[in-house]
Amino acid sequence: MSERNGLRYGLLGLGLILLVGLLTFIATRTAQAPTTNAPASTQLESLAALEGQAPSKRTLDIQRWQTAEGARVLFVEARQLPMFDLRLTFAAGSSHDDVPGLATLTNAMLNEGVAGKDVTAIAEGFESLGAEFGNGAYRDMAIASLRSLSAPAQREPALKLFEQVVGQPTFPADALARIQNQLLAGFEYQKQNPGKLAALQLFERLYGKHPYAHPSEGTEQSIPGISVAQLHAFHQKAYAAGNVVIALVGDLSRSEAEAIAAEVSAALPKGPALPRIAQPEEPKAGPSHIEFPSNQTHLLLAQLGVDRRAPDYAALILGNQILGGGGFGTRLMEEVREKRGLTYGVYSGFSAMQARGPFMINLQTRAELSEGTLKLVQDILRDYLANGPTQKELDDAKREMVGSFPLTTASNADIVGQLGSMGFYDLPLTYLDDFMSEVQGLTVEQVKAAMARHLDVDKLVIVTAGPSVAQKPLPPPTDKPAEQPVGPPEH
């Protein structure tokens, strides 16, 4: 549900319009493009030509201001393509809803109706202009986005329709009933998904009475009772101009961007920013089990991590890259999959949010090996926290992160997402440069100390989901496991 309109509209119309005018536009505009936003050459370079060096990242001239209604705006001018991306990020996620699922339903209903238009007319309106609408709701935030051609003939009507959808939705009752039924059907499916059941229980145990505890999509008990009046009330409060970050990237001048931001801000309900979410209390550590008839057992291990502005954030991301965040070659993948063939994949990660988000390790393994695998994962984490990474592991992780980091600003869509996140979490405009500089300067001891400050094996909340079966000893580590890893996850 949270990304249900991601590519729903506009791709065909946008493609047709772009094919007509794109080549001519680029030929006439390249010479005008600001040097801070355009590469020195439009030719693609081979990897060999880089001589082992990471590709250069895109230099961004980020501009920031505030609208009369209190909306925060971040803008990057990018003239390479005749289009722009607009992203509104509201503090309107499930951590702010009064009833579980209210935030998700409000966001999902934005484009179901406005005055004089139903969901079909709205979709056709964006499509006819070659524009694309997107929306989504999460624990911290809710978003609404628009991608449109920048020519006034397409831009202005696309913006008008977008402003109606986000600022003045009608929340038709028949559409609400339909989406509620879709959510309820999803809850029935979840009952057959042990991984989802384990994740739900994990968040309940990890966060207790904190707003992060309940699922963003709500529950089968809460969803049926949500009314149109509640949607209107939540929209007026959470989709207010003072509660939004407006991110703009594309073929626009500063004055055009200011006009768009002012117009969008004025179309939203009036109101202040909502209070920040309080920090959660420490949960009770230990295991719990969900009995489920399957061949595999899901293992989830978690504890409270950090919020998005934590001073140790860069060190933790780098440290986790070595532990289990980088795919093949990580400590967890090497020991659990490559040497013993116990799983198809094992991953770890920090989800830093407005309040302390979870650090989590997740995997699936054969039910009869689940207890031994769980102990193995705990032992790997304990050893890593005690001894830290090797210098080679640190150097390899830095090289991988530096090499992949340019992808975070490779497209206008990537950049607008970065701007939205920077504005939402109050990060400095120099954040992207600061982050990589900090990563490159970290030492083995600094990474080890940061991981040990925030993680403790004895504080893990553990949830398993699978059958109770007689356990077998783990196979010994070897370069060629006798048994291949279990296949792709069951659910």
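Which helix is R331 found in? I looked it up: R331 is part of helix α10, residues 331-338. Helices here are DSSP runs of H or I with at least four residues, strands are runs of E with at least two, and both are numbered from the N terminus.

**Ground rules.** I am working with a predicted model, where local features need pLDDT of at least 70, side-chain atom pairs count only at pLDDT 80 or more, and totals for chains, interfaces and linings use all residues. Residues are numbered from 1 along each chain as its sequence is written, and side-chain values use heavy atoms, with hydrogens and water left out.

**R331.** Is R331 buried or exposed? I found R331 buried, since its relative accessible area is 16%; buried means under 20%, exposed over 50% and partly exposed in between, with a 1.4 Å probe and protein chains only. Leaving aside residues up to four places away in sequence, I listed what R331 touches: I322, L323, I380, D383, Y384, G388, P389, T390 and E393. Contact means heavy atoms within 4.5 Å.

**Whole chain.** I noted 15 helices and 13 strands in the protein chain. Of its 491 residues, 53% are buried.

**α9 and α14.** I then turned to helix packing. The axes of α9 (residues 313-325) and α14 (residues 431-441) come within 9 Å and cross at roughly 60°. Axes are lines fitted to C-alpha atoms, for helices over the stretch in contact, and angles run from 0 to 180 degrees between N-to-C directions. That makes α9 oblique to α14; angles under 35 degrees count as roughly parallel, over 145 as roughly antiparallel, 65 to 115 as roughly perpendicular and the rest as oblique. On the α9 side I see Y313, A314, I317 and L318, and they meet Y431, F435, E438 and V439 of α14.

**α12 and α14.** How do α12 and α14 pack, and at what angle? I read about 160°, with the axes 10 Å apart, which makes α12 roughly antiparallel to α14. Here K398, M401 and V402 of α12 meet F435, M436, V439, Q440 and G441 of α14.

**α15.** Which residues of α15 (residues 444-454) are buried? I wrote down V444, V447, A450 and M451. They lie on the same side of α15 because they cover an arc of only 140° around the axis, the arc being that of the directions from the helix axis to the C-beta atoms. E445 and R453, on the other side of α15, are exposed. Among the elements covering the buried residues of α15 are α9, β11 (346-350), α11 (370-387) and α12 (391-404).
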